Amino acid sequence: MSFSGWSLSQLGVLFGVCGGAITVLYLLRMRRRKVVVPFAALWERVTRDSESRKIWRRLRRLLSWFVQLLLLAMIVAAIGDPRTNAWVRDPMTVAIVVDASASMAGPSGAPAEDDEEPSRRMEAAKARAAAQVRGLGPSDRAVVIVAAEEVSVASPLSGDISALLAGIETIEPSHGEANLGGALTLAGHAVRGNPGAQVLILTDGAVNVAGADALRRCIDDEAIRCEVDTHTGPADNIAITAFAARRYPEARDKLEVLAEVQNLGDAAATVTLEVTADGVSVGRRPLTLAPGETRREVLSDLDAARSRFEARLSAEDAAVLGPDFDDIAFAVVPPLSPLRVALISDGSNLFLDAALLNLGDHVQLDAAEATDPDLAEYNLVIFDVGNNALPATLPQTHLAVFDPWRFEDSPFPIGKAKDVARPFLTEQARKHPLLEFVVFKDVNIGRGTTFALQPGDDALVRSLGDPIVALREDEYITLGIGFDPRQSDFPMRIAFPLFIDNLVRYVEQRTPGFVASAPLGLSQALGLADLGLSPEGMSRVEVRGPQGEPQTRPVERGRFRMRALVPGIYTVSALDGPATGAQVEVAVNQANSGASDLHSVLGEMDLPAEASAGSAPDPAPLTEGPLWTAVMLAAAALIAIEWATYHRRVTV
Amino acid sequence: MGLRERIFGAPKASAPSSDDLFDEAFLARLELLQVIARRLFRGRQRAERKTRKVGSGIEFADHRPYSPGDDIRNLDWNVYVRLRRTLIRLFEEDEDLPIRVVVDVSDSMCLGGGAKLRYAQQVGAALAYVGLANLDRVGLTCMSQESHVTLPAIRGKGRIFRVFDFLKSAQTGGATDIRAGCGRVAAQSNQPGLTIVLSDFYDLEGAFEGLNMLRFRKHEPVAIQIIDPAEADPTGSGLRGDVRLLDCEGDTQRDVTLSPRALASYAEAHERFCAQLQTNCRTRGIGYVRANIDIPFDDLVLRMFRQGGILR
């Protein structure tokens with residue numbers, strides 16, 4: 001305790017002078033109030049008995065004198081502006097950077113109370129931050145910065161301790177890695193140039209390379225005192241580092257699921273991986289993992305009717321699992337949308353109609369006109385125009401055209417070689433998926449046209465060496481069948497419906513049907529088409545997370561950017577365009593072994609001793625205002641008591 | 001008037017006027033009353049009060065033998081015819097009653113706005129009117145240590161205004177001295193009678209002695225103690241702390257510390273003082289009535305005095 005106002009000697013002189021004056025006034029005879037009474041003789045007889053209490057009356061006056069001197073002492077002390085040692089020091093400006101990475105949800109190593117969960121590293125860091133705030137003096141200020149995937153300010157630069165404590169209470173560990181570099185940059189800007197600039201970093205040391213570099217730069221900064229307080233603990237953790245589900249390309253009604261589990265701890269551990277689909281368990285695998293071992297598990301031949309998959313780790317000893325955020329992962333399989341097939345025909349090829357109609361529900365067959373402007377929206381357009389000419393412009397989609405060069409001015413992209421009368425089909429590419437189980441041998445054809453192939457084109461069937469069925473694969477496939485089925489017996493063969501089925505399957509396998517889960521934290525662009533949502537005419541989508549908070553994102557060139565901070569299944573809804581209201585789902589997983597690694601790297605950084613933060617300063621005796629206000633309040637209270645007792649005739 | 005004003009430093013009271021003393025209805029009721037004297041006093045003039053004296057009244061009292069010189073109109077002819085004896089009929093003589101109303105006008109009576117003095121004057125005027133209405137001779141005396149003025153005995157209720165004037169013009173102030181005042185009253189009156197003393201009797205030593213002195217001089221004293229309740233019990237006055245008590249009748253002053261306990265002690269002492277005075281009066285056949293000024297004046301006169309045997 002010291003006085004920052006008047007010096008002690010000055011205060012002594014002041015107290016002496018005023019105390020002497022009070023004493024002199026006290027010694028002067030107190031002027032009594034005069035009361036005229038009618039029967040003084042009787043009063044005298046009565047009051048004669050109270051003479052024995054004269055000593056107490058004198059003591060009471062002495063007490064009154066002491067009260068006066070005490071009041072004077074308080075006022076003199078207030079003039080001296082007393083301050084505790086915590087306040088006398090120079091003012092400080094402290095930026096408290098709290099590492100809110102996922103690893104801060106790990107155990108702190110502090111002994112747990114009975115029936116309570118082990119203390120987390122974040123709790124220890126928050127307690128340390130609160131202690132630092134409580135130790136602030138009246139001239140000190142602090143700012144609380146949260147270093148999660150995104151940097152945020154929990155409490156702005158202020159000397160209001162209650163506001164700072166409230167800000168600290170709101171901090172919770174995130175599910176990703178901390179952007180320590182951004183947080184330290186912000187902290188430096190916040191305190192630089194202020195008196196006693198200081199950055200206090202509260203972390204568990206489990207930072208990535210960028211964070212470690214930022215930490216090193218902060219400590220090396222001469223202008224700002226940078227201190228680190230480490231709150232680490234046991235590093236046992238087993239995490240799901242990858243999880244995805246996909247349809248089989250050759251069997252879209254079946255799925256396979258892949259889960260990658262990694263032991264990031266220092267000891268071998270046994271866990272159980274359980275995969276559920278729409279709440280129904282579809283697989284359960286016990287896994288024993290050595291330290292650092294990564295294991296991939298695949299669940300095959302799952303029913304495609306399931307669309308939501310969830311993988312969860314469990315263990316008898318929950319401590320080996322570490323924090324919860326990486327013990328669960330999600331995957332979403334886009335719904336199987338029907339393949340839209342447009343048939344442009346003169347209606348005379350009933351065999352073709354029958355072959356297409358027998359393909360099942362996953363094929364949506366429409367009869368269309370050659371001049372229909374919406375043909376490009378179909379997944380596959382089949383031209384079987386017979387004696388009619390092809391349209392001048394072919395749609396930009398997968399095409400299968402029968403007898404494309406019947407007329408010379410055909411827009412078909414694969415060029416014509418020559419017309420052939422009664423061609424014989426002599427060769428075929430048996431291993432090509434389009435010709436699986438299909439035999440063109442002995443097919444009788446009245447007239448046909450061979451194609452002039454270009455590099456990259458495939459000749460599926462040849463007639464005496466000339467390609468009569470050709471395939472071009474660019475962005476879309478273009479299949480040319482160089483004869484009219486009506487002028488052959490091909491439709492009557494068993495190979496014809498198989499060929500049509502192969503054609504549709506081939507196109508189906510080229511349409512989107514698989515998407516990996518989105519990583520947590522990173523802002524990444526996702527294609528709407530990859531998610532099974534048509535981007536045409538769409539400018540905005542709404543992304544709703546597992547906690548239900550909606551966010552509107554713009555769509556540019558069929559892609560939108562999404563940054564998810566919580567793992568789970570996100571719903572993407574189209575807000576405009578033809579697909580307004582359509583919804584698809586995206587799984588977001590932690591899927592970052594770096595974020596799940598609970599080991600501290602600070603030991604490897606060889607930090608200087610002065611960079612280590614000591615214990616928190618002692619709490620200031622008063623949180624609001626200097627001590628002299630408290631002294632004056634006490635004096636006022638004493639005066640109030642004196643006043644009340646005076647008017648109650650207690651002290652006079 | 002508040003309690004404090006009645007106790008401390010209020011202006012002295014002025015004497016009452018007839019207007020604010022009584023109204024017509026009250027006077028009419030007073031005329032029905034009569035002052036009671038336990039003894040028979042010899043009056044000077046004929047009036048309505050019986051005496052031992054046998055004279056020219058109208059109520060037969062006795063016979064005596066005729067002697068020369070007797071008025072022959074008083075000869076009882078019926079007895080003479082029956083007994084052949086000459087007897088003179090004697091009649092009771094109705095005389096007046098000498099009444100003296102003594103009002104204490106000391107400073108203690110004037111304290112607190114003079115409420116007690118005013119009350120005493122009202123009571124004294126009322127008693128005087130009762131006496132005058134009954135053709136008694138009524139005299140008044142205002143007494144204190146510094147002043148002693150006397151209104152000689154008057155008769156007839158038409159003189160009531162002299163009573164008022166006397167009370168109004170009487171000098172007030174001075175210390176209470178009951179013994180000296182009563183002694184002078186006893187010395188000045190050559191005919192004993194009913195002497196009513198209106199005072200607070202705040203005289204520790206001489207209060208009863210003065211009354212007793214009247215008794216020795218064949219008077220029939222009646223003590224009416226005028227008491228202000230605020231003075232008798234100051235516990236509710238809010239008075240606390242170190243104060244200097246000044247005697248309103250002298251230079252005596254005393255520094256005391258007043259506490260609730262001290263105030264309660266004073267109230268108890270005051271009660272003991274009044275009770276002692278009452279006991280002394282009763283044991284010696286002196287009439288005593290305690291009149292709190294909180295009691296309405298007419299209630300005191302019309303009810304309490306009758307209950308106390310002062311009026312009937």
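1. Chains A and B are joined by strand pairing: β2(A) and strand β8 (residues 241–247) of chain B run parallel, connected by five bridges. Strands are DSSP runs of E of at least two residues, helices are runs of H or I of at least four, and both are numbered from the N terminus. Two strands pair if DSSP finds at least two bridges between them. Within this pairing, K34(A) is opposite R244(B) of β8(B).

2. The model is predicted; local features need pLDDT of at least 70, side-chain atom pairs count only at pLDDT 80 or more, and totals for chains, interfaces and linings use all residues. Residues are numbered from 1 along each chain as its sequence is written, while chains are lettered from A and ligands numbered from 1 in the order in which they are written.

3. The contact between the chains involves 22 residues of chain A and 28 residues of chain B; a contact requires C-beta atoms, placed from the backbone, within 7 Å. On the chain A side, β2 (33–37) and α2 (40–47) are the elements that give two or more residues. α2(A) gives the most, eight residues.

4. Chain A has 13 helices and 32 strands. Of its 652 residues, 39% count as buried, that is, with 20 or more other C-beta atoms (placed from the backbone) within 10 Å of their own; 12 or fewer would be exposed, and in between partly exposed.

5. An open sheet of eight strands in chain A, with mixed pairing, has the order β17-β16-β18-β19-β25-β24-β23-β21. β17 (363–367) and β21 (427–428) of chain A are at the edges with a single partner strand each, so one side of each lacks a neighbour in the sheet. β21(A) pairs with strand β23 (residues 458–463) of chain A in the antiparallel sense over two bridges, and E427(A) is opposite R462(A) of β23(A).

6. Helix α10 (residues 495–509) of chain A packs on this sheet, touching β16, β17, β18, β19 (398–402) and β25 (477–481) of chain A, at about 135 degrees to β16(A). Angles run from 0 to 180 degrees between N-to-C directions, with axes fitted to C-alpha atoms, for helices over the stretch in contact. The buried residues of α10(A) include F496(A), F499(A), I500(A) and L503(A). The buried residues of this helix pack against β16, α9, β17, β18, β19 and β25 of chain A.

Terms used:
Contact = placed C-beta atoms within 7 Å.
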